[in-house]
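Student: Could we go through this structure together, one question at a time?

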Amino acid sequence: MVEQSVYSGFLCLLIGLILITKIQLCVGGITSDYVRNYNSNVDMPLDSDVFQVPHGYNAPQQVYITQGDHDGKGVIVSWTTPNEPGANTVLYWTENSCVKSSAEGFVVRYKYCNYTSGYIHHCTINDLEFDTKYYYEVGLGNTTRQFWFVTPPKPGPYVPYTFGLIGDLGQTYDSNSTLTHYELSPLKGQTLLFVGDLSYADNYPFHNNIRWDTWGRFIERSAAYQPWIWSAGNHEIDFVPEIGESKPFVPYKHRFSTPYRASESTSPLWYSIKRASAYIIVMSSYSAFGKYTPQWKWLTNELPKVDRSETPWLIVLMHCPMYSSYVHHYMEGETMRVIYEPWFVKYKVDVVFAGHVHAYERSESVSNVAYNIINGKCSPVKDEFAPVYITIGDGGNQEGLATEMTQPQPRYSAYREASFGHGILDIKNRTHAYFGWHRNHDGFAVEADTLWLLNRYWKLKERVAVS
Ligand SMILES: [Fe+2]
């Protein structure tokens with residue numbers, strides 16, 4: 001009898017130990033227990049001060065800039081005039097100069113259902129000096145407005161530079177909080193990498209494009225002064241054949257310019273730029289990307305071109321994440337992952353930023369490229385030379401947070417939290433970069449999740465040199 005109870009006690013202990021081991025084996029990274037203060041997910045009203053129309057006849061509004069060439073010596077200035085086309089000219093000058101130069105752009109308009117846009121101007125300024133502050137003026141002939149920007153340093157391996165990261169922004173009170181946090185961050189992002197889903201105008205009846213105008217006015221306070229690097233999300237597709245809108249991306253393509261031709265792309269939806277020590281590849285999750293498609297072909301030629309001795313940091317932006325452990329949008333990026341992950345691993349991409357899921361998540365450095373239908377191996381493995389995947393679709397739009405997570409947290413997931421916020425990628429030199437994620441409910445300087453990124457390409461190079 002005694003023997004039997006000792007035996008069953010031992011058995012229980014053994015099962016317990018096995019279970020504990022199993023649980024530990026399943027546990028991934030950190031799922032934050034932070035309880036966020038949940039605001040209502042409504043857009044700010046049309047008469048909010050952040051949407052204010054500038055005073056004066058035909059005053060330029062929705063002014064924003066983006067990079068205008070491949071190297072960073074060009075800037076595209078975009079603005080909208082409401083009453084008449086007005087001038088397409090941009091005047092620009094350096095801080096200490098009394099001579100003003102001018103560049104000539106073009107104007108477009110579009111109709112979408114029952115909406116007609118204002119006069120949308122795009123003007124590329126070329127051959128600027130690197131690392132220089134410029135002032136610029138738009139609206140000549142009627143009401144003029146002045147802004148400024150600073151060009152990046154010449155691309156080079158040791159050039160420090162800071163990038164902000166925002167995705168899925170929208171125009172709610174939370175969106176405003178995200179933008180304010182980004183602007184007031186002591187880390188001072190110099191260029192914003194935007195990972196898609198901009199205005200959420202398409203959530204309104206007939207995709208009310210007035211909400212594209214309000215969004216343009218909302219972001220002007222940042223985007224007129226530093227480049228926002230655009231990538232398109234599903235909320236930019238605006239494909240509604242039922243109301244006669246059967247051509248995708250119409251509002252987005254008219255409103256936002258990208259320097260795609262400079263990287264020999266055939267579409268404004270995918271392209272690349274060099275900026276300081278970074279090479280940034282923008283992809284389109286909602287354009288054809290399978291084998292032989294224009295996007296696939298472009299990337300085939302593009303990746304081997306990246307010279308890591310000039311731009312050591314290789315960054316990819318896309319809207320739909322290839323790694324996400326949230327329930328919402330689960331595995332939507334899987335087709336893209338199957339096609340492109342082997343290239344990202346091969347070419348030593350450092351970090352892939354995506355949005356789409358309205359939350360934050362950072363992966364470990366992982367690769368899952370061994371899979372084929374014969375060997376059945378399909379699970380991400382840690383690989384210090386593989387990219388880190390960061391989902392930052394937490395800008396704060398009207399659809400609210402994605403709070404439901406797959407359980408248990410998979411091992412590839414290092415940190416996940418359903419809060420609104422933004423990121424800062426602070427490139428220090430050729431080998432080290434620091435990434436911080438800032439949640440909106442903390443002070444401007446607080447980092448809720450951080451990571452030191454070691455440059456994949458140079459880490460491997462050094463490892464090979466030593467061995
Ligand atoms: Fe999305």
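Tutor: UniProt, in an unreviewed entry, lists residues 386-445 for "domain: Purple acid phosphatase C-terminal"; UniProt positions are given in the numbering used here, feature names are shortened, and annotations may be inferred rather than shown by experiment. This is a predicted model, in which local features need pLDDT of at least 70 and side-chain atom pairs count only at pLDDT 80 or more, while totals for chains, interfaces and linings use all residues. Residues are numbered from 1 along each chain as its sequence is written, and side-chain values use heavy atoms, with hydrogens and water left out.

Student: What percentage of residues 386-445 is strand?

Tutor: Helices (H or I, at least four residues) and strands (E, at least two) are DSSP runs, numbered from the N terminus. Over residues 386-445 the end C-alpha atoms are 29 Å apart, and the chain there is 0% helix and, for strand, 42%.

Student: How many of the residues of strand β22 are buried?

Tutor: Buried means under 20% relative accessible area, exposed over 50%, and partly exposed in between (1.4 Å probe, protein chains only). On one side of β22 Val-388, Ile-390 and Ile-392 are buried, and on the other Tyr-389 and Thr-391 are buried, so that both faces are covered. For strand β22 (residues 388-392), the count of buried residues is 5 of 5.

Student: Which strand runs antiparallel to β22?

Tutor: Two strands pair if DSSP finds at least two bridges between them. Strand β18 (residues 351-354) is joined to β22 by 4 bridges and runs parallel to it, with Val-352 opposite Tyr-389. Glu-361 has Thr-391 in β22 as its bridge partner, and the antiparallel strand, joined to β22 by 3 bridges, is β19 (residues 360-363).

Student: Which strand gives the most residues to the lining of the largest pocket?

Tutor: A pocket, on a 1 Å grid over the protein atoms alone, is an open set of points where a 1.4 Å probe fits, with protein on both sides within 12 Å along at least five of seven lines, and lining residues have an atom within 4 Å of a point. The largest pocket has a volume of about 350 Å³, a volume being the space filled by probe spheres set on the points, which are joined across faces, edges and corners. Of its 17 lining residues, the closest to the centre are Phe-106, Ser-257, Thr-258, Tyr-260 and Arg-261. At least two lining residues each come from β6 (106-108), β9 (119-125) and α4 (250-255), and the element giving the most, with 3 residues, is β9.
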